[in-house]
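Thanks, everyone, for making the time this morning.

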Amino acid sequence: MGAQPHRARPDDAHADALFGVEDIDTGQGPHVPADAGPLFRDSPAAHRLLSVREIRAEPAAAASPRGRQVLARFPDAEIVPVDSHWAIPDLHGNAGNVDRWVRIKSEVLVLGEKKTLTTRPNGRSADWIAPGPANGCAMACAYCYVPRRKGYANPITVFTNIDRIIAHISRHVARIGPKTVANQCDPTAWVYDVGENSDCSVDALISDNVADIVRAFARWPSAKASFATKFVNPDLLLLDPRGRTRVRFSVMPQEDSKLLDIRTSPVESRIAAAGDFLEAGYEVHFNLSPVVLRPGWESDWTLLLRQMDDVLPAPVKAQAAAEVIMLTHNEDLHELNLGWHPRAEDALWRPDLQEPKRSENGSWNVRYRGGVKSRAVETMRTLVAGHAPWLRIRYAF
């Protein structure tokens with residue numbers, strides 16, 4: 001079974017860190033070369049994704065160095081003070097927001113401080129789930145579980161206390177020590193997922209939080225950062241990850257993506273970016289996810305895998321691995337999608353194939369029934385072996 005992470009204490013305030021807080025770069029210095037030229041985050045394409053008009057901000061978060069950096073990025077935005085980034089009644093739990101679902105994601109940001117810092121075991125995508133630099137997303141994937149955490153309308157919340165987040169991870173890395181037994185997450189490094197509730201590639205358009213995390217992990221020889229993304233942000237190529245950050249490009253057949261991956265980079269662009277990211281010093285993996293069962297899904301995945309085999313350079317193939325993740329949906333999200341994107345539910349909501357599933361947080365989701373799912377997973381393994389045999393499957397569920 002490989003190495004299992006040692007369970008860490010939630011309160012690690014007195015544990016020894018690899019570096020002191022004074023050694024952590026909190027983004028005040030430059031992260032990119034002075035001659036890098038115009039940044040993608042200042043481009044019209046980035047502005048179309050994030051045309052921020054309103055920033056809901058906890059006062060302490062707005063006054064912090066990172067908060068001031070974000071406010072400076074959007075000088076024309078209206079600043080609205082809030083007591084807590086978790087409790088904004090007209091954003092969170094407001095059913096009337098369904099008509100402005102995508103607009104809210106584009107036009108609203110939230111600034112807050114992440115109060116509870118915990119790192120918990122995972123064992124699938126990563127050994128550990130670390131506190132991330134943000135919550136929420138400017139993209140609008142119809143199957144995404146993240147919006148449910150704050151009542152569905154979940155624009156990006158930037159956590160401005162990035163110094164505390166990185167210090168927490170540093171203490172955790174120091175306390176567990178080197179990985180001595182290989183597992184499917186990584187043979188030699190403890191892998192920390194830093195983007196569980198956001199897309200770090202999009203987060204990097206807003207602040208230096210992601211750059212700070214990449215910089216920190218580049219200095220920790222026993223650990224790697226990891227995040228999945230559906231967005232190609234070339235600004236990340238200007239960082240220096242030194243092989244200590246794993247980017248997992250999520251891919252699916254383009255027909256599925258056009259229907260379900262709203263406001264994301266085209267799948268072909270994600271695949272094409274893999275070589276550039278590897279050359280820039282990232283480890284590059286892929287998420288084959290979510291696998292949506294619909295008429296013709298096997299042939300469309302075959303075409304995608306053949307495309308990957310045709311266009312990916314040999315160095316990418318030599319180090320690539322993948323996760324295969326079958327669709328999990330949610331009844332409440334189904335009802336919400338019917339209000340803004342009902343066509344998506346023709347593919348996502350399949351009572352003839354699905355059954356209820358209790359999630360870790362106690363809510364009820366729906367997933368493909370056991371026999372249906374196991375056959376589909378085996379089909380995906382067969383397709384990968386036949387059309388992209390270089391792509392090692394780390395896990396499938």
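I will go from the whole chain to its sheets, its helices and its cores.

A word on conventions: this is a predicted model, in which local features need pLDDT of at least 70 and side-chain atom pairs count only at pLDDT 80 or more, while totals for chains, interfaces and linings use all residues. Residues are numbered from 1 along each chain as its sequence is written, and side-chain values use heavy atoms, with hydrogens and water left out.

The secondary structure of the protein chain comes to 14 helices and 18 strands, where helices (H or I, at least four residues) and strands (E, at least two) are DSSP runs numbered from the N terminus. Of the 397 residues, 58% count as buried, and buried here means under 20% relative accessible area, computed with a 1.4 Å probe on protein chains only, with exposed being over 50% and partly exposed in between. Taking contact as heavy atoms within 4.5 Å, 76% of the contacts between residues at least 6 apart in sequence join residues at least 24 apart.

Let me turn to the sheets, with two strands counted as paired if DSSP finds at least two bridges between them. Strands β3 (residues 108–112) and β8 (residues 157–159) run parallel and are joined by three bridges, with Val110 opposite Thr157 in β8.

A further open sheet has three strands in the order β15-β17-β16, and here the pairing is antiparallel. Between β16 and β17 (residues 364–368) there are five bridges, and Val366 in β17 is the bridge partner of Pro356. Helix α12 (residues 331–340) packs on the sheet, touching β15 and β17, with its direction at about 70° to that of β15.

How is strand β9 (residues 190–193) covered on its faces? Trp190 and Tyr192 lie on one side and Val191 and Asp193 on the other, and all are buried. Strand β9 pairs in the parallel sense with β5 (residues 128–129) over two bridges and with β10 (residues 223–229) over four bridges.

Among the helices, eight of the nine residues of α7 (residues 209–217) are buried, so this helix is largely enclosed by the rest of the structure. Helices α10 (residues 297–311) and α14 (residues 370–387) pack at about 35°, with their axes 9 Å apart. Their contact includes Trp301 and Leu305 of α10 together with Met380 and Leu383 of α14.

Finally, the cores: a nonpolar core is a set of buried Ala, Val, Leu, Ile, Met, Phe, Trp, Tyr and Cys residues joined through side-chain atoms within 4.5 Å. The largest has 76 residues, of which Tyr192, Phe286, Leu288, Met308 and Leu391 touch the most other members. A second, separate core of 25 residues includes Phe40, Ala62, Phe74 and Val158.

How values were computed: Axes are lines fitted to C-alpha atoms, for helices over the stretch in contact, and angles run from 0 to 180 degrees between N-to-C directions.
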